[in-house]
Amino acid sequence: MLKACVLLLLAFHACAAEIEGLSAIGVGGIPMARQEAIQDALMQASLWNGAKVEASSHVENGRVSELQRVYPVQTLDRYKLLREWREGSFYHVMIETDPKPEPVPAEKMVASAPAAVAIADSAPQGALARQPVRECAQSDFAYRKKLLLAHFQLQNPVDANDISHFQDGLQQELSRMLSASDHYLPQRTVNEAAFNLQPGFYDPVLQPERVRELARRYGTQFVVGGVIRDLGASGEQIGLAWGNDIRTGERKISPNIPMLKFNGWVPSLAELGVKISPYSRRFEADVYVFDGASGALLKQQRFSDSASGDVIQSRDNVFGSRRFYDTDFGKMVEKQLEQIVAGVDDVLACQAFAARISRVEKDRIYIDAGSTARVNKGDKLQLFRVSGPNQLVAAVNGDSSMSLGTPELLLSAVTVTQVQPLFAIAILENGSIRPEVGDYVRFSMKESR
């Protein structure tokens, strides 16, 4: 058996270039073909300025099999659109690129920057658009995505006996943090989980149909659920206790002496005792992020840490309150919630924005996202239809809980003509298409504004 691997680095041309891109005009019409032609030109420009070729060959029993992959060493995201034209059923664009982007100050590198943006008409002649390089072409939070926080289940409910409103407080705090990130429009369920956690089993039973039903009912694009695996306390520390100042999880040892009373305000010495409290406490959570349209699991992540010191909560410390966050355990939990929000960002950054159609009037459609989601008049989106639940693509092992999703059909491009806070109206580029309630529109590439 013989294996070989070749890595070839083509020369890098550090100069501007004029590159032509083209795309076939399909059901999305010219607007969609134009976007795809620009993307084609950018890919060709990236390859022209330097590419890596990885190749391998495998020889076994006299048979040779070869694999090859070509990819750019640098992804270009600055371009100037020089001209565009149509020839038959193809749309052409000519762009000018610059492979050496100037540094962008950190304060200007907003998360909503698209992968590639054309120059606005008002830009000076010869100016080039500048945007930070993102890890994936769809990576943007220019639109706020609708997200549903399902009920977080407790694997050991007794561990949270000292924390007031733990489960609903956890949902509320995650919702607040997700909203504060300005990337999402979060909603919360009431005692509805995204999956079942059966007694005696560690892994939850995933239910794609339940996820799809929750997303339809709450009108969200994604669903986030979780399991709190551990809130247990351990270790011992000793302190003074007075009266009934004993919290859940603590115990008091009082001196066995006769009751001694004193005059005035001094209480009985019998009120004084030794309190034994846990010294450390853990927080461990598994978070599951689902696609609402297909019910497919996008990612499972674990977040865990521990705190020492003041870890047992008093009755007045409601989860998420300032009193709770001022404790040693609360400070650690707050950091973990911030990590969970960052983890959700990491999963959904490369997922395109989508919204459902709630009403159809001839060639006009109403979508359930408006100015609160940062949809603007003039935005161009793609109209898709998802196959029914009977068209689910099954996993290799045949397990329905691990289905890969549902196929979708591209119907047309749409242009937003009117925007309200919670909905927008768009017109179809292809008038022969008959959209239906439940179809959805999706962002493909952000146009310059």
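I began with E213: at 29% relative accessibility it counts as partly exposed. The model is a predicted one, and I kept that in mind for every entry.

Next I looked up the partner of E213. Its side chain meets that of R217 in a salt bridge, 2.8 Å from N to O. R217 is partly exposed too, with a relative accessible area of 44%. I then checked where the pair sits: both residues lie in helix α3 (residues 208-218), four residues apart, about one turn of the helix. An α-helix has 3.6 residues a turn, so residues three or four places apart point the same way.

I moved on to E361. I found its side chain in a salt bridge with R359, at 2.5 Å from N to O. The side chain of E361 also meets that of R364 in a salt bridge, at 3.1 Å. For accessibility I noted 25% for E361, which is partly exposed. R359 has 43% and counts as partly exposed; R364 has 30% and counts as partly exposed.

I looked for linked salt bridges and noted a network of R229, E284, D286 and R302. For the structure I recorded 20 salt bridges.

Last, I checked the geometry of helix α1, residues 29-48. At 1.5 Å a residue, its 20 residues should span 28 Å; I read 29 Å between the end C-alpha atoms, which agrees. I also listed buried residues in α1, among them G29, P31, M32, A33, R34 and Q35. Further along α1, the buried residues include A37, I38, A41, L42, A45 and S46.

Note on methods
Residues are numbered from 1 along each chain as its sequence is written. This is a predicted model: local features need pLDDT of at least 70, side-chain atom pairs count only at pLDDT 80 or more; totals for chains, interfaces and linings use all residues. Side-chain values use heavy atoms; hydrogens and water are left out. Helices (H or I, at least four residues) and strands (E, at least two) are DSSP runs, numbered from the N terminus. The expected span of a helix is 1.5 Å times one less than its number of residues. Buried means under 20% relative accessible area, exposed over 50%, partly exposed in between (1.4 Å probe, protein chains only). A salt bridge is a side-chain nitrogen of Lys or Arg within 4 Å of a carboxyl oxygen of Asp or Glu.
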